[in-house]
Amino acid sequence: MCGRYRLDPAEPGSELEGIIAAINRLEEKVGADKIPVKTAGDLFPGDRVPALCRSRSGEIGAFAMEWGYRMEGGRRMINARSETAAQKPLFRDGMQNRRCLLPMSAYYEWEKRGSERVKYRIAPVADGMSCLAGIYRLEESGPVCTVLTMEAAEELTFIHDRMPVIVSVADRGAWLLDGALPRPPSGYLAVPQGDVQLSMDALL
């Protein structure tokens, strides 16, 4: 699953800086009175996050979306299984018509080790800005999104059996325009966070 991810600060002239600037212009134009868009740091369910999706004209544009479909009882649906989402009433329209990408630098996962939980920062070993594959729907508060997940890559299964679908630069158009679920990058770097002693076979 994916319950937290990170977006490092945008570097001057980077693609991410352009995405954030476009979102800020849109927010000013529509006079958004919502919680601010979180454009750097650790991103949590309920945050408004940068996203890419098709606009009404069919072009790919940058928008702000709240992470997590709102459900009864105040809980949020933050993940959807990519293998079955198209068959689920809750996610079917998103898979068919409302696909999105969430820029990210890394995501976090926790390895269960007896009574301990070891936190990892996991990032694809690839050039360019990576994105999480997601779907969204329109709620009263505005667009809300959920992150698609898949079976974990072999090198990450010692941490968790699921991982988010990560989209490389080359596969963005295929997902947003055609709905083709991309193959994630083939390599990952998993770095344990904090002062945790690990045996060498737990390091990638």
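User: Leaving aside neighbours within four places in sequence, which residues is C53 in contact with?

Analyst: This is a predicted model. C53 sits in strand β3, which covers residues 48-54. With neighbours up to four places away set aside, its contacts are E59, I60, G61, F63, M65, R99, C100, Y136 and L176.

User: Is C53 buried or exposed?

Analyst: The cut-off for buried is under 20% relative accessible area. C53 has a relative accessibility of 3%, so it counts as buried.

User: How far apart in space are C53 and R4, C-alpha to C-alpha?

Analyst: In sequence, 49 residues separate C53 and R4. In space, their C-alpha to C-alpha distance is 21 Å.

User: Which side chain does the side chain of D42 make a polar contact with?

Analyst: D42 belongs to strand β2, residues 41-43. Beyond four places in sequence, D42 touches R4, Y5, R6, D47 and Y108. The polar contact, at 3.0 Å, is made with the side chain of R6.

User: Why does D42 count as buried?

Analyst: A residue is buried under 20% relative accessible area. D42 counts as buried because its relative accessibility is 19%.

User: Which backbone oxygen does the side chain of R162 reach?

Analyst: R162 lies in strand β13, residues 162-164. R162 is buried, with a relative accessible area of 8%. Its side chain also has a polar contact of 3.0 Å with the side chain of T149. The backbone oxygen, reached at 3.5 Å, is that of M150.

User: How many helices and strands does the protein chain have, and what is its radius of gyration?

Analyst: The chain has three helices and 15 strands. The globule rule gives 17 Å for 204 residues, and the chain comes close to that, so it is as compact as a globular protein of that length. Its radius of gyration is 17 Å.

User: Among contacts between residues at least 6 apart in sequence, what share joins residues at least 24 apart?

Analyst: The count covers contacts in the protein chain between residues at least 6 apart in sequence. Of these, the share that joins residues at least 24 apart is 65%.

User: How far apart are the mean positions of the positive and negative charges?

Analyst: The protein chain carries 26 positive and 28 negative charges. The distance between their mean positions is 6 Å.

Conventions:
Residues numbered from 1 in each chain as written. Predicted model: local features only at pLDDT ≥ 70, side-chain atom pairs only at ≥ 80, totals over all residues. Heavy atoms only, no water. Helix = DSSP H or I, 4+ residues; strand = E, 2+ residues; numbered from the N terminus. Buried < 20%, exposed > 50% of the residue type's maximum accessible area, 1.4 Å probe, protein only. Polar contact = N/O pair within 3.5 Å; in protein donor to acceptor, adjacent residues only side chain to side chain. Rg over C-alpha atoms; globule rule 2.2 N^0.38 Å. Contact = heavy atoms within 4.5 Å. Lys, Arg positive; Asp, Glu negative; His and termini not counted. Charge placed at Lys NZ, Arg CZ, Asp CG, Glu CD.
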